[in-house]
Amino acid sequence: QKGRFAHFMIKEAFDQPESVVNTMRGRVNFNDYRVVLGGLRSQLANIRRSRRIIFSACGTSFHSCVAVKSIFAELTEMPISVELSSSFLDEQLPIFRDDVCIFVSQSGETKDTLLALEYCKERGALCVGVTNTVGSTISRETHCGVHINAGPEISVASTKAYSSQFIALTMIALQLSDDNMQKVARRTEIINGLYRLSDDLRKTLELEPQIKQVAEQLKTARNLIVIGRGYQSATCLEGALKIKEVTYIHAEGILAGELKHGPLALIEASMPIILIMPKDRHYSDSENALKQITARMGKPIVIASAEDTSPLFNDLQTLRVPQTVDALQPLVNIVPLQLLSYYLAVARGIDPDSPRNLAKSVTTA
Ligand code: UD1
Ligand code: F6R
């Protein structure tokens, strides 16, 4: 089942050029730029008429919702919020009949997400599932939904489900916005990016030997900071979660815009830092963050675009990834962090498929 790979985690990370295609198969038409999700067809009008969309999920699935929040809002022009399933009930969030609630879960069995689903159903909201497991409780209990079709995910640390959730959610936004003529250019750009995605992921996975070296370098680290902003906010959080769950290194995802509001105090020569810095509209802000870090003797490893020749990187280690559409760039940029967490675990003698204290499916609240 693991083929040439030593663990499911690395096998599943390497499945991604294929699994993302499976998520889009029969749904994205790259000739006429249409997206049709069979599972949403009957409720499309209701979703478009709703007053807001609320995402709810846990862990990595929560991060996939955070990752698509801004493109979802941009395409649908609807108010969007993203809530941790565990806080949903704690906060007794007000939910109404004209709300759409989207529950994202790889397993479809996560107790907290199920409880949030029951809560929203009781209040009359339209409940949509985005699940990987056909026949799972969340898939059955939601009014409609989308199976992400990533294939079984066995490793406790989620990799390919994250990219497929991201794509499924992006496809929902593309389908919801296909009646808006002002979005044609943006939709076309994204669909072209989805067409190239599999190749972009394949090229990114070629970083494996370089990432193994970085893991050797960082294997005795006690802390690790992952910094980024804008579209990469979720990448920081998800990268840090991957690192902590399989390597037991204390890792923190920090949004670059927040640096000067506290985290800058952590920066010094010995603090391991990864800075995610794609060429997008936040680039000059990221340059500022990089200058703030290097001025305090920080030496970040930069995840940068392959084409970026910035002299700011001259004395720094860089991991060069293919550049794609801004809203899809997180799909590419998470891959080096997935591989790094895997190789850090291996270098530290940890079995990444069985991290301590964790279960694949969390069926208790
Ligand atoms: C469906 C078939 C697929 C077939 C395709 C052909 C299934 C599971 N899928 O895919 O095998 O190739 O038609 O047209 O038989 N749903 C929920 N909640 C969820 C996820 C899904 O209620 O969390 C519902 C959907 O609304 C839909 C059904 O489950 O009614 C199947 O969803 P999905 O597999 O995404 O639909 P298709 O892509 O159309
Ligand atoms: C992290 C991880 C967990 C799950 C979370 C939700 O790698 O796998 O954080 O993402 O427990 O699980 P699902 O998606 O099954 O609801």
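A residue is called buried under 20% relative accessible area, exposed over 50%, and partly exposed in between. Keep that in mind as you work through this predicted model.

**Exercise 1.** Work out where Asn 149 sits and whether it counts as buried, partly exposed or exposed.

*Solution.* Start with the place: Asn 149 belongs to the loop between E7 and H7. Next, take its relative accessibility, which is 33%. That value falls between the two cut-offs, so Asn 149 counts as partly exposed. One more thing to spot is the backbone: phi of Asn 149 is near 55 degrees, a positive value in a residue other than glycine.

**Exercise 2.** Describe the surroundings of ligand 1.

*Solution.* Begin with the shell: 13 residues surround ligand 1, and the closest are Arg 27, Gly 39, Thr 142, Gly 145 and His 147. Sort the shell by class and you get four nonpolar, eight polar and one charged residues.

Now go for the polar atoms. An oxygen atom of ligand 1 is 3.0 Å from an N or O atom in the side chain of Thr 131. A backbone N or O atom of Gly 129 lies 3.3 Å from a ligand 1 oxygen. On the nitrogen side, a ligand 1 atom is 3.4 Å from a polar backbone atom of Cys 144.

How much of the ligand gets covered? Taken alone, ligand 1 exposes 730 Å², and the protein buries 51% of that. Strand E6 (126-131) and strand E7 (144-147) are the elements that give two or more residues to the shell, and E7 gives the most, with four.

**Exercise 3.** Find the largest nonpolar core and follow one of its residues.

*Solution.* This core has 90 residues, and Ile 53, Phe 72 and Ile 102 have the most contacts inside it. Pick Phe 72: beyond its neighbours within four places in sequence, its contacts include Ile 53, Ile 102 and Leu 169. Another core, of 19 residues, lies apart from the largest one, with Ile 225 and Leu 316 among its members.

Definitions and conventions
Residues are numbered from 1 along each chain as its sequence is written. Chains are lettered from A and ligands numbered from 1 in the order in which they are written. This is a predicted model: local features need pLDDT of at least 70, side-chain atom pairs count only at pLDDT 80 or more; totals for chains, interfaces and linings use all residues. Side-chain values use heavy atoms; hydrogens and water are left out. A residue is near a molecule or strand if one of its heavy atoms lies within 4 Å of it. A polar contact is a pair of N or O atoms within 3.5 Å; within protein, one must be able to donate a hydrogen and the other to accept it, and residues adjacent in sequence count only if both atoms are side-chain atoms. Accessible areas come from the Shrake-Rupley method with a 1.4 Å probe; for residues, only the protein chains shown count as cover. Ala, Val, Leu, Ile, Met, Phe, Trp, Tyr, Cys and Pro count as nonpolar, Asp, Glu, Lys and Arg as charged, and the others, Gly among them, as polar. A nonpolar core is a set of buried Ala, Val, Leu, Ile, Met, Phe, Trp, Tyr and Cys residues joined through side-chain atoms within 4.5 Å. Buried means under 20% relative accessible area, exposed over 50%, partly exposed in between (1.4 Å probe, protein chains only). Contact means heavy atoms within 4.5 Å.
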